[in-house]
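Please look over the sequence and the structure before reading on.

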Amino acid sequence: MPLKLYAHPFSSYCQKVLIALYENDLPFELRMLAPGDDEAAAEHAALWPLRRMPVLVDGGRTVVEATIIIEHLQLHHPGPVRLVPEDPRAALDVRMMDRFFDNYLMTPMQKIVSDRIRAAEDRDPHGVADARMTLDTAYGWLDDTISGRRWAAGERFSLADCAAAPALFYADWVHPIGDRFANAVAYRRRLLARPSFARAVDEARPYRALFPLGAPDRD
Ligand SMILES: N[C@@H](CCC(=O)N[C@@H](CS)C(=O)NCC(=O)O)C(=O)O
């Protein structure tokens with residue numbers, strides 16, 4: 001039975017998993033969660049009442065949370081690119097960086113985006129200002145940490161880079177890194193050049209007009 005992924009190509013967390021699938025050329029069926037597709041939405045809600053995407057269905061098993069989906073793929077569908085190192089110490093470094101990207105780049109980036117979708121009277125300017133401060137601090141930490149490293153946890157592309165790619169991509173759209181942090185900018189550029197992420201970015205291009213803050217004319 002093929003892997004089935006409930007996802008949308010423009011979603012950052014879905015891209016995180018798409019990168020992992022593309023890295024190892026794993027075949028899967030995309031069950032697209034497009035606005036207005038009530039049937040796909042109902043299937044998704046039945047699988048995961050929290051209605052977050054992506055959701056992976058592998059045989060009889062439903063797997064949620066992008067990181068766990070990638071760990072699941074590593075365990076049950078290993079390919080030539082090992083995204084979670086075998087050595088537990090190295091794996092811990094990768095998981096730490098993965099948590100960093102989800103918690104301190106994805107989360108504030110999503111806060112800024114979701115705030116823009118709200119009606120003007122429901123907006124949360126303090127929350128958005130906090131999110132921007134978190135991004136600034138996270139950019140600075142990343143800039144120091146990534147210095148001398150090719151990928152997030154060292155020389156090998158990993159789960160942490162799957163998290164980093166869409167997180168940095170969209171965070172820079174909502175709160176530009178600018179020229180303050182050259183190492184972080186160069187790392188973002190390396191991620192964009194990675195074929196798995198370049199493919200995910202290309203597949204999401206048709207949806208750029210939907211970006212609530214307006215997509216910049218680059219990338
Ligand atoms: N912690 C989840 C977060 C997933 C998430 O936030 N997905 C977003 C899309 S990028 C979503 O489903 N948004 C729709 C919603 O919030 O209703 C994960 O790691 O998979």
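## Overall architecture

Helices and strands are taken here as DSSP runs, at least four residues of H or I for a helix and at least two of E for a strand, and they are numbered from the N terminus. The model described in this report is predicted.

The protein chain has eight helices and four strands, and when these are read along the sequence they follow the pattern β-α-β-α-β-β-α-α-α-α-α-α. The radius of gyration of the protein chain is 17 Å, close to the 17 Å that the globule rule gives for 219 residues, so the chain is as compact as a globular protein of that length. Taken along the principal axes, the box that the C-alpha atoms of the protein chain fill is roughly 50 × 45 × 25 Å.

## The loop between H2 and S3

Between helix H2, which covers 38–47, and strand S3, which covers 55–58, runs a loop in which Pro 54 has its place, and Arg 51 lies in this loop as well. Most residues other than glycine have a negative phi, and most peptide bonds are trans. Arg 51, however, has a positive phi, near 55 degrees, while the peptide bond from Met 53 to Pro 54 is cis, with omega near 10 degrees.

## The ligand and its surroundings

The ligand sits in the largest pocket, where the residues that surround the ligand include Arg 51, Arg 52, Met 53 and Pro 54, together with Ser 11, Ser 12 and Tyr 13. Glu 65, Ala 66 and Gln 110 also belong to these surroundings, and by class the shell around the ligand has four nonpolar, three polar and three charged residues.

A polar side-chain atom of Glu 65 lies 2.7 Å from a nitrogen atom of the ligand, whereas Ala 66 brings a backbone N or O atom to 3.0 Å from a ligand oxygen atom. In the side chain of Gln 110, an N or O atom is 3.1 Å from an oxygen atom of the ligand. Taken alone, the ligand exposes 510 Å², and the protein buries 73% of that.

Terms used. Residues are numbered from 1 along each chain as its sequence is written. This is a predicted model: local features need pLDDT of at least 70, side-chain atom pairs count only at pLDDT 80 or more; totals for chains, interfaces and linings use all residues. Side-chain values use heavy atoms; hydrogens and water are left out. A residue is near a molecule or strand if one of its heavy atoms lies within 4 Å of it. A polar contact is a pair of N or O atoms within 3.5 Å; within protein, one must be able to donate a hydrogen and the other to accept it, and residues adjacent in sequence count only if both atoms are side-chain atoms. Accessible areas come from the Shrake-Rupley method with a 1.4 Å probe; for residues, only the protein chains shown count as cover. On a 1 Å grid over the protein atoms alone, a cavity is a set of points where a 1.4 Å probe fits but cannot get out, and a pocket is an open set with protein on both sides within 12 Å along at least five of seven lines; lining residues have an atom within 4 Å of a point. A molecule sits in a cavity or pocket if more than half of its atoms lie within 2 Å of its grid points. Ala, Val, Leu, Ile, Met, Phe, Trp, Tyr, Cys and Pro count as nonpolar, Asp, Glu, Lys and Arg as charged, and the others, Gly among them, as polar. The radius of gyration is taken over C-alpha atoms; the globule rule is 2.2 Å times the number of residues to the power 0.38.
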